[in-house]
Each structure stands twice: as structure tokens, then as C-alpha cells.
Amino acid sequence: VKDGNTIKVYYVRNQSDWANVTYEVVNGTFTDSNPTTLTGVIRIGADYSDFESVVEAGKPATAPNTGYELDQDWAIVEGVNDAGVITKDIIVRISYKPKDTTYVVEYYYDGVIDNSLTEGPLNGKVDEAISQYTNNLKAGYKLVSATPITLVEDAAQNVMKVYYNTLEDLY
């Protein structure tokens, strides 16, 4: 190289040395325009603690489905080993869980409720399917229907009704 000449060196980042961060939401939705994947922002082989602020800052806002609450703000579910070293693309999961609620089971005979047999309030979770009930069959009656319910947050709506009618052939 002659005196006064400049050699320009360009470096190209090896993409295989960098990991992506993908955000998932469980029982909820993304509520802002932040991307759900950050491309090539974390160096593979690095200590995760060096990049934790990048992951936190890039996290999209989320909201729970109706009847759900935050279970875990965010957790790394893939890409970081037990020693805290980034090993591959990272998956971050934001989780919501169903809220607690209650329900009752009511028993009707020829269309009239028998309050002495009503069960509850019983404990459950939003979106839980309830189909089990105590068989309170009385002599001279037959089961007509017992429609399963799916629990909602408003406990007043969580009523499973079991209907029995008189056996006609006995009368």
C-alpha cells in the first residue's frame, strides 16, 4: 500500500451467529403494532443477562381474553440453557390463565325446582366445561335433560339445570 492510500475493510455480520426473538401470547391477544418477532437482535453464545433489556423492550403489549388474568408476564420457553447462555432463537411466552368462578347445579321435577337439592356454589375456572352432576333421580321420575355448561366469569350465569319428569306409564 502506497503512502496516503486507504484500505477500506467492510465487515458483514454472520447471521447464523445471531438469534431472533419471537413472542407468543397464550389465552390473550397482541394489542399494539410492535412486531411479534425481533430479527437478529441477540448474539448466540452470549449471556442472556446482557440482552434481557432488549427482550423486555421489544415485548408487544397484550391483553387477556375475557375471563382471564395474567399468569406469567413473560417467560423464556426456548433458546436459553440452564447456565443462562443463548443457544438458538428465543421464544418468549406471555401467559394468561382462567379466573376462578363458581357455579350451581339445580334440579327440576316436572318443571319445578327442588331447592333442597341445589348444589353449590361449586368452584371452577372460566371456560371449564361442566357436565358432571349428582343423579338425584326420585322414584316415579325419569331424566329428561342435563345440559352441560361452559363456565363464564359472571357466576350468576353458571347454572347447570337437570330436569326430571314423571314417568307416564306409572299413571
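Predicted model: local features only at pLDDT ≥ 70, side-chain atom pairs only at ≥ 80, totals over all residues.
Ring pairs join Y109, Y141 and Y164 into a cluster.

The chain holds one helix and 13 strands. Read from the N terminus, the elements run β-β-β-α-β-β-β-β-β-β-β-β-β-β. The radius of gyration is 29 Å, whereas a compact globule of 171 residues would have one near 16 Å. Along the principal axes, the C-alpha atoms fill roughly 120 × 30 × 25 Å.

Now consider the surface and the contacts. Of the 171 residues, 28% count as buried. The chain exposes about 10800 Å². Carbon and sulfur atoms supply 48% of that area. Take the contacts between residues at least 6 apart in sequence: 58% of them join residues at least 24 apart.

Next comes a sheet. Four strands form an open sheet in the order β3-β1-β6-β5, and their pairing is mixed. Strands β3 (37-43) and β5 (68-80) stand at the edges. Each has a single partner strand, so one side of each is left without a neighbour in the sheet. From one strand to the next, the twist averages 25 degrees. Look at one pairing inside this sheet. Strand β1 covers residues 18-26 and runs antiparallel to β3, with four bridges joining the two. Within it, T22 stands opposite T37 in β3.

Now move to strand β7, residues 100-109, where Y103 has its place. Is Y103 buried or exposed? Its relative accessibility is 12%, and the cut-off for buried is under 20%, so Y103 counts as buried. Which residues does Y103 touch, apart from its neighbours within four places in sequence? It is in contact with E119, G120, P121, L122, N123, I130, I149, L151 and N158. Y103 can also be set against a residue of another strand region. G79 is 24 residues away along the chain, and the C-alpha atoms of Y103 and G79 are separated by 41 Å.

Back to the rings. A pair of aromatic rings is described by the distance of the centres and the angle of the planes. The count of aromatic pairs comes to three. Take Y108 and Y163. Their ring centres are 4.9 Å apart and their planes are at 25 degrees, so this pair is stacked. Y108 lies in strand β7 and Y163 in strand β13 (residues 159-166), so the pair ties together parts that are 55 residues apart in sequence. Y163 is partly exposed, with a relative accessible area of 29%.

A second pair involves Y109 and Y164. Their ring centres are 5.0 Å apart and their planes are at 10 degrees, so this pair is stacked. It too links distant parts of the chain: Y109 is in strand β7 and Y164 in strand β13, 55 residues apart. Y109 counts as buried, at 6% relative accessibility. Y164 also counts as buried, at 0%.

Key:
Residues numbered from 1 in each chain as written. Heavy atoms only, no water. Buried < 20%, exposed > 50% of the residue type's maximum accessible area, 1.4 Å probe, protein only. Contact = heavy atoms within 4.5 Å. Pairing = 2+ DSSP bridges. Axes fitted to C-alpha atoms, helices over the stretch in contact; angles between N-to-C directions. Rg over C-alpha atoms; globule rule 2.2 N^0.38 Å. Areas by Shrake-Rupley, 256 points an atom, 1.4 Å probe, with all protein chains shown as cover. Phe/Tyr/Trp six-rings, centres within 6.5 Å; stacked < 30°, edge-to-face > 60°.
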